[in-house]
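Please read the following report on aromatic contacts and a nonpolar surface patch alongside the sequence and the model.

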Amino acid sequence: MLPQSGRRVNRVTILFTSLIAIGFLIATFDVRSESDDVGDVLREGTQSVFTPLQKGVDWVTAPVVGFVDGVANLAGLRDENDRLEARVRELEAEVRATDALEEQVVQLELINGLTIGEELSTVTARIYASGSTPFDNVRYIDKGSNDGVIAGQAVIDEDGLVGRVDLVSANDARIRLITDPAVSVGVRVQSTNETGIVTGRGDGPLRLEMYRASQPVREGALVVTDGSRYPPGLVIGSVARTAEAEVGFVLRTQVEPAANLSQVDYVKVIVGFSPIDAGLESDAGTTTPTTRSAATGDG
Amino acid sequence: MRRSRIVIALIVVVIAIVLQTTVFGAGRIQPLGVAPALVVLVLIGLAPYVEPEYHVLLGFTAGILVDLVGSGTLGLWAMSFTIVAFLAGRLRARYADSIVWSLVAAFTLTLVAQVVYVVVSTLFGQETLGEPNVVAKIVMPAVWNLVLAYPVFWILRYAYAPRDRSWAS
(Lines give C-alpha, C1' and ligand atoms only; values in the text may rest on other atoms or scores of the structure.)
Protein backbone atom coordinates (compact mmCIF):
# COMPACT_ATOMS: atom_id res chain seq x y z
CA MET A 1 0.00 0.00 0.00
CA LEU A 2 2.72 2.40 0.93
CA PRO A 3 4.53 2.50 -2.40
CA GLN A 4 1.18 2.96 -4.17
CA SER A 5 0.31 5.86 -1.88
CA GLY A 6 3.74 7.32 -2.43
CA ARG A 7 3.37 7.10 -6.21
CA ARG A 8 -0.03 8.75 -5.99
CA VAL A 9 1.30 11.65 -3.95
CA ASN A 10 4.13 12.05 -6.39
CA ARG A 11 1.80 11.98 -9.35
CA VAL A 12 -0.46 14.59 -7.78
CA THR A 13 2.48 16.79 -6.86
CA ILE A 14 3.98 16.54 -10.34
CA LEU A 15 0.61 17.29 -11.93
CA PHE A 16 0.08 20.21 -9.56
CA THR A 17 3.50 21.67 -10.34
CA SER A 18 2.94 21.23 -14.07
CA LEU A 19 -0.44 22.96 -13.97
CA ILE A 20 0.97 25.87 -11.99
CA ALA A 21 3.73 26.18 -14.61
CA ILE A 22 1.13 26.06 -17.41
CA GLY A 23 -0.95 28.71 -15.66
CA PHE A 24 2.15 30.86 -15.31
CA LEU A 25 2.94 30.46 -19.02
CA ILE A 26 -0.63 31.29 -20.04
CA ALA A 27 -0.61 34.42 -17.88
CA THR A 28 2.77 35.49 -19.24
CA PHE A 29 1.60 34.92 -22.81
CA ASP A 30 -1.60 36.89 -22.14
CA VAL A 31 0.29 39.81 -20.65
CA ARG A 32 3.10 39.87 -23.18
CA SER A 33 1.24 39.15 -26.39
CA GLU A 34 0.77 42.24 -28.54
CA SER A 35 -2.61 41.22 -29.86
CA ASP A 36 -5.37 39.51 -27.95
CA ASP A 37 -6.67 37.42 -30.83
CA VAL A 38 -6.22 34.03 -29.16
CA GLY A 39 -7.52 35.24 -25.81
CA ASP A 40 -10.51 36.91 -27.42
CA VAL A 41 -11.40 33.83 -29.43
CA LEU A 42 -11.24 31.72 -26.27
CA ARG A 43 -13.27 34.27 -24.31
CA GLU A 44 -15.91 34.56 -27.03
CA GLY A 45 -16.09 30.78 -27.35
CA THR A 46 -16.50 30.30 -23.62
CA GLN A 47 -19.07 33.05 -23.38
CA SER A 48 -21.07 31.60 -26.26
CA VAL A 49 -21.38 28.41 -24.19
CA PHE A 50 -22.32 30.22 -20.99
CA THR A 51 -24.66 32.82 -22.51
CA PRO A 52 -27.74 30.58 -22.97
CA LEU A 53 -27.27 29.15 -19.48
CA GLN A 54 -26.81 32.60 -17.94
CA LYS A 55 -29.82 34.03 -19.75
CA GLY A 56 -31.95 31.07 -18.70
CA VAL A 57 -30.90 31.25 -15.06
CA ASP A 58 -31.30 35.02 -15.05
CA TRP A 59 -34.81 34.71 -16.48
CA VAL A 60 -35.81 32.03 -13.98
CA THR A 61 -34.25 33.57 -10.89
CA ALA A 62 -34.95 37.25 -11.55
CA PRO A 63 -38.29 37.20 -9.65
CA VAL A 64 -36.74 35.30 -6.74
CA VAL A 65 -33.75 37.60 -6.63
CA GLY A 66 -36.12 40.56 -6.80
CA PHE A 67 -38.16 39.08 -3.94
CA VAL A 68 -35.06 38.53 -1.81
CA ASP A 69 -33.95 42.04 -2.60
CA GLY A 70 -37.41 43.33 -1.68
CA VAL A 71 -37.38 41.55 1.69
CA ALA A 72 -33.93 42.90 2.31
CA ASN A 73 -35.30 46.34 1.56
CA LEU A 74 -37.39 46.44 4.71
CA ALA A 75 -40.82 45.86 3.27
CA GLY A 76 -41.22 48.82 1.01
CA LEU A 77 -39.62 51.62 2.97
CA ARG A 78 -36.33 51.09 1.30
CA ASP A 79 -38.03 50.62 -2.06
CA GLU A 80 -39.58 54.02 -1.71
CA ASN A 81 -36.27 55.46 -0.64
CA ASP A 82 -34.57 53.85 -3.62
CA ARG A 83 -37.22 55.21 -5.95
CA LEU A 84 -36.80 58.71 -4.60
CA GLU A 85 -33.03 58.44 -4.69
CA ALA A 86 -33.23 57.29 -8.29
CA ARG A 87 -35.47 60.23 -9.10
CA VAL A 88 -33.06 62.64 -7.43
CA ARG A 89 -30.16 61.11 -9.34
CA GLU A 90 -32.16 61.40 -12.55
CA LEU A 91 -32.85 65.07 -11.92
CA GLU A 92 -29.24 65.72 -10.94
CA ALA A 93 -28.13 63.98 -14.12
CA GLU A 94 -30.50 66.17 -16.13
CA VAL A 95 -29.07 69.28 -14.53
CA ARG A 96 -25.53 68.09 -15.19
CA ALA A 97 -26.40 67.15 -18.75
CA THR A 98 -27.96 70.57 -19.27
CA ASP A 99 -24.84 72.25 -17.90
CA ALA A 100 -22.68 70.14 -20.16
CA LEU A 101 -24.82 70.96 -23.17
CA GLU A 102 -24.81 74.67 -22.39
CA GLU A 103 -21.05 74.61 -22.16
CA GLN A 104 -20.85 72.80 -25.48
CA VAL A 105 -23.20 75.28 -27.11
CA VAL A 106 -21.06 78.18 -25.94
CA GLN A 107 -17.95 76.53 -27.31
CA LEU A 108 -19.59 75.61 -30.57
CA GLU A 109 -20.91 79.10 -31.06
CA LEU A 110 -17.38 80.35 -30.75
CA ILE A 111 -16.32 78.18 -33.63
CA ASN A 112 -17.82 79.45 -36.85
CA GLY A 113 -19.33 77.00 -39.19
CA LEU A 114 -19.85 74.26 -36.63
CA THR A 115 -23.31 73.05 -35.78
CA ILE A 116 -24.49 70.50 -33.28
CA GLY A 117 -25.35 67.25 -34.93
CA GLU A 118 -28.48 65.26 -34.45
CA GLU A 119 -28.98 63.42 -31.22
CA LEU A 120 -26.86 60.31 -31.06
CA SER A 121 -28.68 57.08 -31.65
CA THR A 122 -28.54 54.52 -28.87
CA VAL A 123 -29.50 50.91 -28.28
CA THR A 124 -30.99 49.95 -24.93
CA ALA A 125 -29.62 46.71 -23.50
CA ARG A 126 -30.21 44.65 -20.41
CA ILE A 127 -27.38 43.34 -18.26
CA TYR A 128 -27.86 39.61 -17.71
CA ALA A 129 -24.55 38.59 -16.16
CA SER A 130 -21.36 39.91 -14.69
CA GLY A 131 -17.86 38.64 -14.00
CA SER A 132 -17.54 35.78 -11.57
CA THR A 133 -15.26 37.35 -8.97
CA PRO A 134 -15.26 40.63 -7.06
CA PHE A 135 -12.16 41.65 -9.01
CA ASP A 136 -13.93 41.54 -12.39
CA ASN A 137 -15.24 44.77 -13.88
CA VAL A 138 -17.26 43.43 -16.78
CA ARG A 139 -20.96 43.08 -17.55
CA TYR A 140 -22.68 41.10 -20.28
CA ILE A 141 -25.49 42.74 -22.26
CA ASP A 142 -28.12 41.23 -24.52
CA LYS A 143 -27.33 43.32 -27.60
CA GLY A 144 -24.60 42.60 -30.12
CA SER A 145 -23.39 43.27 -33.63
CA ASN A 146 -26.85 42.53 -35.04
CA ASP A 147 -28.03 45.67 -33.22
CA GLY A 148 -25.17 47.83 -34.45
CA VAL A 149 -22.94 47.36 -31.44
CA ILE A 150 -19.20 47.36 -32.14
CA ALA A 151 -16.16 47.25 -29.88
CA GLY A 152 -15.16 50.57 -28.41
CA GLN A 153 -18.57 52.22 -28.28
CA ALA A 154 -19.54 54.12 -25.15
CA VAL A 155 -22.09 52.64 -22.75
CA ILE A 156 -24.14 54.94 -20.56
CA ASP A 157 -27.03 54.90 -18.12
CA GLU A 158 -29.21 57.73 -16.87
CA ASP A 159 -26.41 59.00 -14.63
CA GLY A 160 -23.47 58.98 -17.00
CA LEU A 161 -20.76 56.86 -18.60
CA VAL A 162 -20.81 53.22 -17.48
CA GLY A 163 -18.04 51.79 -19.64
CA ARG A 164 -17.19 50.74 -23.16
CA VAL A 165 -18.01 47.79 -25.35
CA ASP A 166 -15.24 45.25 -25.11
CA LEU A 167 -16.13 42.00 -26.88
CA VAL A 168 -19.01 41.63 -29.33
CA SER A 169 -20.84 38.63 -30.70
CA ALA A 170 -23.96 38.58 -32.86
CA ASN A 171 -26.51 38.97 -30.07
CA ASP A 172 -24.43 39.75 -26.99
CA ALA A 173 -21.60 41.95 -25.93
CA ARG A 174 -19.29 42.41 -23.01
CA ILE A 175 -18.79 45.84 -21.53
CA ARG A 176 -15.81 46.86 -19.48
CA LEU A 177 -16.72 49.28 -16.71
CA ILE A 178 -14.95 52.60 -16.27
CA THR A 179 -13.70 51.31 -12.91
CA ASP A 180 -11.57 48.70 -14.70
CA PRO A 181 -7.87 49.60 -14.51
CA ALA A 182 -7.57 48.79 -18.24
CA VAL A 183 -10.01 51.58 -19.13
CA SER A 184 -8.82 55.14 -19.58
CA VAL A 185 -11.03 57.97 -20.76
CA GLY A 186 -10.05 61.40 -22.01
CA VAL A 187 -11.97 63.95 -19.95
CA ARG A 188 -12.52 67.63 -19.45
CA VAL A 189 -13.14 69.29 -16.10
CA GLN A 190 -16.09 71.51 -16.79
CA SER A 191 -15.25 74.30 -14.37
CA THR A 192 -11.72 74.86 -15.73
CA ASN A 193 -12.20 73.47 -19.23
CA GLU A 194 -8.86 71.69 -18.93
CA THR A 195 -8.36 68.12 -20.06
CA GLY A 196 -6.96 65.03 -18.43
CA ILE A 197 -7.25 61.27 -18.29
CA VAL A 198 -9.46 59.27 -15.97
CA THR A 199 -8.42 55.69 -15.23
CA GLY A 200 -10.24 53.00 -13.26
CA ARG A 201 -8.81 51.63 -10.02
CA GLY A 202 -10.78 48.40 -9.88
CA ASP A 203 -13.39 49.80 -7.56
CA GLY A 204 -14.52 53.08 -6.01
CA PRO A 205 -13.33 56.49 -7.21
CA LEU A 206 -11.48 56.85 -10.51
CA ARG A 207 -8.01 58.32 -10.84
CA LEU A 208 -7.82 61.71 -12.61
CA GLU A 209 -4.48 62.84 -14.01
CA MET A 210 -4.01 66.22 -15.69
CA TYR A 211 -0.63 66.79 -17.30
CA ARG A 212 -1.04 70.41 -18.33
CA ALA A 213 -3.31 71.75 -15.64
CA SER A 214 -2.88 75.42 -14.85
CA GLN A 215 -5.82 75.82 -12.51
CA PRO A 216 -6.87 73.87 -9.43
CA VAL A 217 -9.80 71.48 -9.63
CA ARG A 218 -12.35 71.87 -6.86
CA GLU A 219 -14.28 69.17 -5.09
CA GLY A 220 -17.62 68.61 -6.81
CA ALA A 221 -16.47 69.89 -10.20
CA LEU A 222 -18.14 68.02 -13.02
CA VAL A 223 -15.96 65.80 -15.21
CA VAL A 224 -17.17 64.95 -18.71
CA THR A 225 -15.75 63.17 -21.74
CA ASP A 226 -13.60 65.37 -23.97
CA GLY A 227 -14.91 63.94 -27.23
CA SER A 228 -11.69 62.39 -28.44
CA ARG A 229 -13.04 58.85 -28.58
CA TYR A 230 -16.42 58.97 -26.91
CA PRO A 231 -19.09 61.57 -27.64
CA PRO A 232 -18.24 64.85 -25.90
CA GLY A 233 -20.06 65.89 -22.76
CA LEU A 234 -20.91 62.46 -21.33
CA VAL A 235 -20.89 62.76 -17.57
CA ILE A 236 -18.15 60.72 -15.88
CA GLY A 237 -18.61 61.98 -12.34
CA SER A 238 -17.51 64.71 -9.99
CA VAL A 239 -14.14 65.50 -8.46
CA ALA A 240 -13.89 63.82 -5.06
CA ARG A 241 -11.29 66.13 -3.54
CA THR A 242 -9.73 69.45 -4.38
CA ALA A 243 -6.26 69.40 -5.96
CA GLU A 244 -3.93 72.28 -6.71
CA ALA A 245 -2.08 72.68 -10.00
CA GLU A 246 1.67 73.00 -9.69
CA VAL A 247 4.00 73.83 -12.53
CA GLY A 248 5.99 70.82 -13.64
CA PHE A 249 3.85 68.34 -11.73
CA VAL A 250 0.96 66.19 -12.78
CA LEU A 251 -2.28 67.15 -11.08
CA ARG A 252 -3.70 64.00 -9.52
CA THR A 253 -7.01 63.59 -7.78
CA GLN A 254 -10.01 61.27 -7.74
CA VAL A 255 -13.37 61.31 -9.48
CA GLU A 256 -16.48 59.75 -7.99
CA PRO A 257 -18.34 58.00 -10.84
CA ALA A 258 -21.81 59.42 -11.47
CA ALA A 259 -23.23 56.03 -12.44
CA ASN A 260 -24.05 53.63 -9.63
CA LEU A 261 -22.12 50.81 -11.24
CA SER A 262 -23.08 48.13 -8.73
CA GLN A 263 -26.80 48.59 -9.39
CA VAL A 264 -26.99 49.02 -13.15
CA ASP A 265 -29.58 46.78 -14.81
CA TYR A 266 -30.20 48.57 -18.10
CA VAL A 267 -27.74 50.55 -20.18
CA LYS A 268 -27.63 52.37 -23.49
CA VAL A 269 -24.94 51.74 -26.06
CA ILE A 270 -24.21 54.82 -28.15
CA VAL A 271 -24.16 53.28 -31.59
CA GLY A 272 -24.39 56.60 -33.41
CA PHE A 273 -20.85 57.58 -32.52
CA SER A 274 -18.21 55.23 -33.82
CA PRO A 275 -14.89 55.13 -32.04
CA ILE A 276 -12.34 56.98 -34.15
CA ASP A 277 -10.15 53.92 -34.16
CA ALA A 278 -12.61 51.08 -34.06
CA GLY A 279 -10.08 48.94 -35.83
CA LEU A 280 -7.57 49.60 -33.10
CA GLU A 281 -10.21 48.87 -30.49
CA SER A 282 -10.86 45.45 -31.88
CA ASP A 283 -7.17 44.68 -31.71
CA ALA A 284 -5.94 46.43 -28.62
CA GLY A 285 -9.03 47.77 -26.95
CA THR A 286 -9.97 44.45 -25.49
CA THR A 287 -6.79 44.08 -23.53
CA THR A 288 -7.07 42.91 -20.00
CA PRO A 289 -3.82 43.63 -18.22
CA THR A 290 -3.29 47.09 -16.87
CA THR A 291 0.05 47.19 -18.60
CA ARG A 292 -1.84 47.86 -21.80
CA SER A 293 -4.09 50.52 -20.45
CA ALA A 294 -2.17 53.21 -22.27
CA ALA A 295 -2.94 51.56 -25.56
CA THR A 296 -6.61 51.46 -24.78
CA GLY A 297 -6.71 54.94 -23.36
CA ASP A 298 -8.92 57.61 -24.68
CA GLY A 299 -6.66 60.50 -24.06
CA MET B 1 -12.33 6.26 -10.78
CA ARG B 2 -15.73 6.25 -12.34
CA ARG B 3 -16.12 8.64 -15.23
CA SER B 4 -19.53 9.73 -13.99
CA ARG B 5 -17.97 11.28 -10.88
CA ILE B 6 -15.78 13.55 -13.01
CA VAL B 7 -18.68 14.45 -15.28
CA ILE B 8 -20.82 15.35 -12.27
CA ALA B 9 -17.97 17.44 -10.88
CA LEU B 10 -17.61 19.34 -14.17
CA ILE B 11 -21.35 19.96 -14.34
CA VAL B 12 -21.33 21.22 -10.75
CA VAL B 13 -18.49 23.63 -11.56
CA VAL B 14 -20.31 24.97 -14.64
CA ILE B 15 -23.52 25.44 -12.61
CA ALA B 16 -21.52 27.26 -9.94
CA ILE B 17 -20.03 29.63 -12.53
CA VAL B 18 -23.45 30.33 -14.02
CA LEU B 19 -24.97 31.04 -10.59
CA GLN B 20 -21.96 33.13 -9.61
CA THR B 21 -22.33 35.38 -12.68
CA THR B 22 -26.12 35.70 -12.49
CA VAL B 23 -27.76 35.14 -9.09
CA PHE B 24 -24.68 36.29 -7.19
CA GLY B 25 -23.60 38.74 -9.90
CA ALA B 26 -23.26 42.49 -9.57
CA GLY B 27 -26.51 44.17 -8.63
CA ARG B 28 -28.09 40.87 -7.55
CA ILE B 29 -27.62 38.97 -4.28
CA GLN B 30 -24.47 40.44 -2.79
CA PRO B 31 -24.84 40.81 0.96
CA LEU B 32 -22.62 43.66 2.22
CA GLY B 33 -21.51 44.30 -1.34
CA VAL B 34 -19.53 41.10 -1.95
CA ALA B 35 -20.91 37.74 -3.10
CA PRO B 36 -19.83 34.29 -1.89
CA ALA B 37 -17.17 32.58 -3.98
CA LEU B 38 -19.37 29.71 -5.09
CA VAL B 39 -16.90 28.16 -7.55
CA VAL B 40 -14.21 27.85 -4.89
CA LEU B 41 -16.74 26.45 -2.45
CA VAL B 42 -17.87 23.66 -4.75
CA LEU B 43 -14.25 22.94 -5.61
CA ILE B 44 -13.51 22.44 -1.92
CA GLY B 45 -16.70 20.45 -1.46
CA LEU B 46 -15.88 18.13 -4.36
CA ALA B 47 -12.52 17.08 -2.94
CA PRO B 48 -13.80 14.01 -1.02
CA TYR B 49 -15.54 12.63 -4.12
CA VAL B 50 -12.88 13.06 -6.82
CA GLU B 51 -9.43 11.50 -6.88
CA PRO B 52 -6.72 14.07 -6.01
CA GLU B 53 -5.13 14.11 -9.48
CA TYR B 54 -8.50 14.64 -11.17
CA HIS B 55 -9.39 17.20 -8.54
CA VAL B 56 -6.26 19.23 -9.31
CA LEU B 57 -7.17 19.11 -13.01
CA LEU B 58 -10.71 20.14 -12.11
CA GLY B 59 -9.35 23.10 -10.16
CA PHE B 60 -7.27 24.22 -13.12
CA THR B 61 -10.23 23.84 -15.51
CA ALA B 62 -12.55 25.78 -13.18
CA GLY B 63 -9.94 28.52 -12.86
CA ILE B 64 -9.46 28.84 -16.62
CA LEU B 65 -13.24 29.09 -17.10
CA VAL B 66 -13.46 31.80 -14.43
CA ASP B 67 -10.55 33.61 -16.13
CA LEU B 68 -12.31 33.42 -19.50
CA VAL B 69 -15.59 34.73 -18.11
CA GLY B 70 -13.89 37.50 -16.14
CA SER B 71 -11.80 40.50 -17.07
CA GLY B 72 -8.39 39.67 -15.62
CA THR B 73 -5.30 38.11 -17.12
CA LEU B 74 -5.79 34.54 -18.29
CA GLY B 75 -4.28 31.88 -16.06
CA LEU B 76 -4.34 33.71 -12.72
CA TRP B 77 -7.49 32.15 -11.29
CA ALA B 78 -6.33 28.87 -12.83
CA MET B 79 -3.20 28.99 -10.68
CA SER B 80 -5.18 30.04 -7.61
CA PHE B 81 -7.80 27.31 -7.97
CA THR B 82 -5.14 24.69 -8.73
CA ILE B 83 -3.47 25.51 -5.41
CA VAL B 84 -6.82 25.32 -3.61
CA ALA B 85 -7.63 21.97 -5.24
CA PHE B 86 -4.23 20.61 -4.30
CA LEU B 87 -4.62 21.68 -0.67
CA ALA B 88 -8.21 20.41 -0.55
CA GLY B 89 -6.99 17.06 -1.85
CA ARG B 90 -4.46 16.92 0.96
CA LEU B 91 -7.04 17.81 3.60
CA ARG B 92 -9.97 15.84 2.23
CA ALA B 93 -9.51 12.86 4.54
CA ARG B 94 -9.88 15.20 7.51
CA TYR B 95 -12.94 17.16 6.48
CA ALA B 96 -14.86 14.45 4.68
CA ASP B 97 -16.28 13.19 7.95
CA SER B 98 -16.10 16.23 10.19
CA ILE B 99 -18.39 19.20 9.96
CA VAL B 100 -15.99 21.40 11.90
CA TRP B 101 -13.09 20.58 9.60
CA SER B 102 -15.23 21.11 6.51
CA LEU B 103 -16.25 24.56 7.71
CA VAL B 104 -12.67 25.42 8.57
CA ALA B 105 -11.58 24.21 5.13
CA ALA B 106 -14.31 26.25 3.38
CA PHE B 107 -13.24 29.44 5.13
CA THR B 108 -9.48 28.96 5.00
CA LEU B 109 -9.18 27.69 1.44
CA THR B 110 -11.45 30.44 0.11
CA LEU B 111 -9.20 32.92 1.84
CA VAL B 112 -6.19 31.21 0.28
CA ALA B 113 -7.78 31.42 -3.19
CA GLN B 114 -8.45 35.14 -2.87
CA VAL B 115 -5.03 35.95 -1.41
CA VAL B 116 -3.18 33.92 -4.03
CA TYR B 117 -5.10 35.68 -6.81
CA VAL B 118 -4.40 39.13 -5.38
CA VAL B 119 -0.69 38.42 -4.96
CA VAL B 120 -0.21 36.74 -8.35
CA SER B 121 -2.25 39.32 -10.25
CA THR B 122 -0.23 42.09 -8.61
CA LEU B 123 2.97 40.33 -9.68
CA PHE B 124 1.60 40.24 -13.22
CA GLY B 125 1.14 44.00 -13.28
CA GLN B 126 -2.47 44.41 -12.28
CA GLU B 127 -3.31 46.89 -9.56
CA THR B 128 -5.37 44.41 -7.56
CA LEU B 129 -3.54 44.94 -4.28
CA GLY B 130 -4.06 48.69 -4.56
CA GLU B 131 -7.79 48.43 -5.25
CA PRO B 132 -10.13 50.11 -2.81
CA ASN B 133 -11.96 47.57 -0.61
CA VAL B 134 -9.41 44.86 -1.43
CA VAL B 135 -9.57 43.51 2.14
CA ALA B 136 -13.36 43.16 1.95
CA LYS B 137 -13.03 41.46 -1.43
CA ILE B 138 -10.64 38.94 0.11
CA VAL B 139 -12.36 38.30 3.44
CA MET B 140 -16.09 38.57 2.69
CA PRO B 141 -16.26 35.70 0.15
CA ALA B 142 -14.60 33.48 2.77
CA VAL B 143 -17.16 34.54 5.38
CA TRP B 144 -20.09 33.86 3.04
CA ASN B 145 -18.57 30.53 2.04
CA LEU B 146 -18.43 29.62 5.72
CA VAL B 147 -22.17 30.35 5.91
CA LEU B 148 -22.98 28.44 2.71
CA ALA B 149 -20.60 25.52 3.26
CA TYR B 150 -23.06 23.27 5.10
CA PRO B 151 -25.91 23.42 2.54
CA VAL B 152 -23.57 23.26 -0.47
CA PHE B 153 -21.60 20.33 0.91
CA TRP B 154 -24.87 18.59 1.79
CA ILE B 155 -26.06 18.96 -1.81
CA LEU B 156 -22.76 17.60 -3.12
CA ARG B 157 -22.86 14.68 -0.70
CA TYR B 158 -26.41 13.95 -1.78
CA ALA B 159 -25.40 14.12 -5.46
CA TYR B 160 -22.57 11.61 -4.98
CA ALA B 161 -23.83 9.40 -2.16
CA PRO B 162 -27.56 9.86 -1.56
CA ARG B 163 -27.68 6.99 0.94
CA ASP B 164 -24.65 8.01 2.88
CA ARG B 165 -25.52 8.83 6.49
CA SER B 166 -22.78 10.96 7.88
CA TRP B 167 -22.60 14.45 9.39
CA ALA B 168 -24.35 16.12 6.51
CA SER B 169 -27.30 13.78 6.19
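Helices (H or I, at least four residues) and strands (E, at least two) are DSSP runs, numbered from the N terminus. Val143(B) lies in helix α6 of chain B, and its C-alpha atom is separated by 9.0 Å from that of Ala106(B), 37 residues apart along the chain. This is a predicted model, in which local features need pLDDT of at least 70 and side-chain atom pairs count only at pLDDT 80 or more, whereas totals for chains, interfaces and linings use all residues. Residues are numbered from 1 along each chain as its sequence is written, chains are lettered from A and ligands numbered from 1 in the order in which they are written, and side-chain values use heavy atoms, with hydrogens and water left out.

**Aromatic pairs**

Rings of Phe, Tyr and Trp (its six-membered ring) pair if their centres lie within 6.5 Å, and planes under 30 degrees apart count as stacked, over 60 as edge-to-face and the rest as tilted. Over all chains the structure holds nine aromatic pairs. One of them is the stacked pair of Phe16(A) and Phe86(B), with 4.1 Å centre to centre and 15 degrees between the planes. This pair joins two chains, because Phe16(A) lies in helix α1 (residues 2-32) of chain A and Phe86(B) in helix α4 (residues 76-95) of chain B.

The rings of Tyr128(A) and Tyr140(A) have centres 6.4 Å apart and planes at 40 degrees, so this pair is tilted. Tyr128(A) is in strand β1 (residues 122-130) and Tyr140(A) in strand β2 (residues 138-141) of chain A, 12 residues apart. The charged end of Lys55(A) sits over the ring of Tyr128(A), 5.3 Å from its centre (the criterion is NZ of Lys or CZ of Arg within 6 Å of the ring centre and within 35 degrees of the ring normal).

**Accessibility**

Buried means under 20% relative accessible area, exposed over 50%, and partly exposed in between (1.4 Å probe, protein chains only).

| Residue | Relative accessible area | Class |
|---|---|---|
| Phe16(A) | 16% | buried |
| Phe86(B) | 12% | buried |
| Tyr128(A) | 0% | buried |
| Tyr140(A) | 3% | buried |
| Val143(B) | 28% | partly exposed |
| Trp101(B) | 35% | partly exposed |

**Nonpolar patch**

Trp101(B), placed in helix α5 of chain B, belongs to a nonpolar surface patch of about 750 Å² that also includes Ile99(B), Val100(B) and Trp154(B). Patch residues have over 30% relative accessible area and no salt bridge, with nonpolar side chains (Val, Leu, Ile, Met, Phe, Trp, Tyr) joined within 5 Å and like charges within 9 Å; a salt bridge is a side-chain nitrogen of Lys or Arg within 4 Å of a carboxyl oxygen of Asp or Glu. In chain B, α5 (99-123) and α6 (134-160) each supply at least two residues of the nonpolar patch.

Terms used. Areas by Shrake-Rupley, 256 points an atom, 1.4 Å probe, with all protein chains shown as cover.
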